[in-house]
Amino acid sequence: MKKLLAVFLCLSFLGLLFFSLFQINSVAGDAMSPALKSRQTLLFWKLGTSNLKRGDIVLYKPKTQKSDNPNVYEMDYLGRVVGLPTESVRVENGNLYIDNNIEKFRVEEEYLNSGTITKAYEEGKWTKIGEFEYMILTDKRENTISIPSRLIHRNDIKGVLIWKF
């Protein structure tokens with residue numbers, strides 16, 4: 001009996017440890033195609049959000065989904081980090097540009113389908129990313145975006161993709 005209890009406690013501890021470090025989600029839809037497919041299962045590292053890089057795929061809470069009501073279901077979203085804290089971003093002629101305070105450059109997004117263009121309501125205007133924010137976009141960009149709505153605070157990023165099943 002003591003051995004069974006020890007095994008149970010050990011497995012419980014390992015389960016708690018796993019779910020405090022990782023999150024498993026599945027893809028709903030094709031917003032991240034071709035990199036991710038609908039119904040694909042993903043593993044996210046919850047502690048990896050403090051050192052995000054351009055191109056990382058993340059799980060996050062969008063600004064439009066926040067609610068103080070605990071009965072409101074909040075959906076997690078998938079997106080790709082395209083802008084880093086304190087940079088400025090601009091969309092012009094279908095391309096994304098970055099000013100990282102050292103140089104200005106067009107972001108090379110090899111992960112996008114050929115011919116994909118980025119459209120923004122703030123076309124041609126520089127928008128500053130806050131000190132604790134990231135700009136996150138999906139890979140499928142059929143709609144015109146509002147850049148301020150794509151600036152996500154680091155506390156709203158739940159994990160970084162580490163494994164696709």
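Among contacts in the protein chain (heavy atoms within 4.5 Å) between residues at least 6 apart in sequence, 62% join residues at least 24 apart. The model is predicted, so local features need pLDDT of at least 70 and side-chain atom pairs count only at pLDDT 80 or more, whereas totals for chains, interfaces and linings use all residues. Residues are numbered from 1 along each chain as its sequence is written, and side-chain values use heavy atoms, with hydrogens and water left out.

**Overall make-up**

- Of the 165 residues of the protein chain, 39% count as buried, where buried means under 20% relative accessible area, exposed over 50% and partly exposed in between (1.4 Å probe, protein chains only).
- The protein chain exposes about 10,200 Å², of which carbon and sulfur atoms supply 56%; accessible areas come from the Shrake-Rupley method with a 1.4 Å probe, and for residues only the protein chains shown count as cover.
- Along its principal axes, the C-alpha trace spans about 70 × 35 × 30 Å.

**Strand pairing**

- Strand E11 (residues 157-164) pairs in the antiparallel sense with strand E2 (residues 41-45) over four bridges, two strands being counted as paired if DSSP finds at least two bridges between them.
- Strand E3 (residues 57-60) also pairs with E11 in the antiparallel sense, over three bridges.
- Within E11, Val-160 is the bridge partner of Trp-45, and Gly-159 is that of Leu-59.
- An open sheet of four strands, with antiparallel pairing, has the order E7-E6-E5-E8. Strand E7 (104-106) and strand E8 (127-128) stand at its edges, each with a single partner strand, so one side of each is left without a neighbour in the sheet.
- Three bridges join strand E6 (residues 95-99) to E7, running antiparallel, and the partner of Asp-99 in E7 is Lys-104.

**Surroundings of Asn-25**

- Asn-25 lies in strand E1 (residues 22-26), and, leaving aside residues up to four places away in sequence, Asn-25 touches Gln-40, Thr-41, Leu-42, Phe-44, Leu-59 and Asp-76.

**Helix H1**

- Val-7 is found in helix H1 (residues 2-21) and counts as partly exposed because its relative accessibility is 44%.

Key
Helix = DSSP H or I, 4+ residues; strand = E, 2+ residues; numbered from the N terminus.
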